[in-house]
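I opened the model to look up a few side chains and how they sit. My notes follow in the order I checked things.

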Amino acid sequence: MGPRARELFDRFEQMIAACGEYSVAPAKTRIAFLARVRFAAITSLSDKGMTCGFALPRPLRSRRFVRIEEVVAGWWDHQLRITEVSQLDDQVQGWLRESY
């Protein structure tokens with residue numbers, strides 16, 4: 001991982017840590033963050049940017065999402081494409097806390 005990718009990952013993990021206790025579950029296709037259940041993940045990470053997401057029991061509306069998908073009945077996955085650390089802002093923190 002290059003320095004920009006590391007910076008994006010570290011900031012996202014700081015935001016996860018601000019929600020409460022968690023564990024990290026790395027896999028071949030993603031890095032998942034778990035509390036009682038998997039609530040957030042990074043599915044793509046490079047120096048060009050990061051695709052990350054979280055789940056909620058309802059779809060949110062925002063132009064920031066690159067994809068919103070109902071993964072199981074009543075459970076919606078929200079995907080964001082992050083290219084700058086500044087995009088990991090208070091709004092994203094609020095969504096992560098709600099997902100947590």
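Which backbone oxygen lies 3.3 Å from a polar atom of the side chain of H78? I found the backbone oxygen of W76 there.

**Ground rules.** The model is predicted, so I note that local features need pLDDT of at least 70, that side-chain atom pairs count only at pLDDT 80 or more, and that totals for chains, interfaces and linings use all residues. Residues are numbered from 1 along each chain as its sequence is written, and side-chain values use heavy atoms, with hydrogens and water left out.

**H78.** I placed H78 in strand β6. Helices (H or I, at least four residues) and strands (E, at least two) are DSSP runs, numbered from the N terminus. H78 counts as buried because its relative accessibility is 0%. The cut-offs are under 20% relative accessible area for buried, over 50% for exposed, and partly exposed in between, with a 1.4 Å probe and protein chains only. Contact here means heavy atoms within 4.5 Å.

I traced β5 and β6 next. They pair in the antiparallel sense over six bridges. Two strands pair if DSSP finds at least two bridges between them. E69 has D77 in β6 as its bridge partner. Two residues lie between the strands of this hairpin, and G74 in the turn has a positive phi of about 80 degrees.

**Helix α2.** Which residues of α2 (residues 90–99) are buried? I found V92, Q93, W95, L96 and S99. They cover an arc of only 165 degrees around the axis, so they are on the same side of α2. The arc is that of the directions from the helix axis to the C-beta atoms. The buried residues pack against α1 (3–17), β3 (38–46), β4 (49–56), β5 (65–72) and β6 (75–82). At the start of α2, I noted that a side-chain oxygen of D89 comes within 3.2 Å of the backbone nitrogen of Q91.

**Aromatic pairs.** I searched the whole structure and got seven aromatic pairs. F12 and F33 form an edge-to-face pair, 5.7 Å centre to centre with 65 degrees between the planes. Rings of Phe, Tyr and Trp (its six-membered ring) pair if their centres lie within 6.5 Å; planes under 30 degrees apart count as stacked, over 60 as edge-to-face and the rest as tilted. The pair links distant parts of the chain, with F12 in helix α1 and F33 in strand β2 (residues 31–34), 21 residues apart. F12 is buried at a relative accessible area of 1%, and F33 is buried at 0%. Y22 and F33 form a tilted pair, 6.2 Å centre to centre and 50 degrees between the planes. Y22 lies in the loop between α1 and β1 and F33 in β2, so this pair ties together parts that are eleven residues apart in sequence. Y22 counts as partly exposed, at 29%. I logged F9, F12, Y22 and F33 as one aromatic cluster.

**P26.** Last, is P26 buried or exposed? I found P26 exposed, at a relative accessible area of 65%. P26 lies in strand β1 (residues 23–26).

Technical notes
A polar contact is a pair of N or O atoms within 3.5 Å; within protein, one must be able to donate a hydrogen and the other to accept it, and residues adjacent in sequence count only if both atoms are side-chain atoms.
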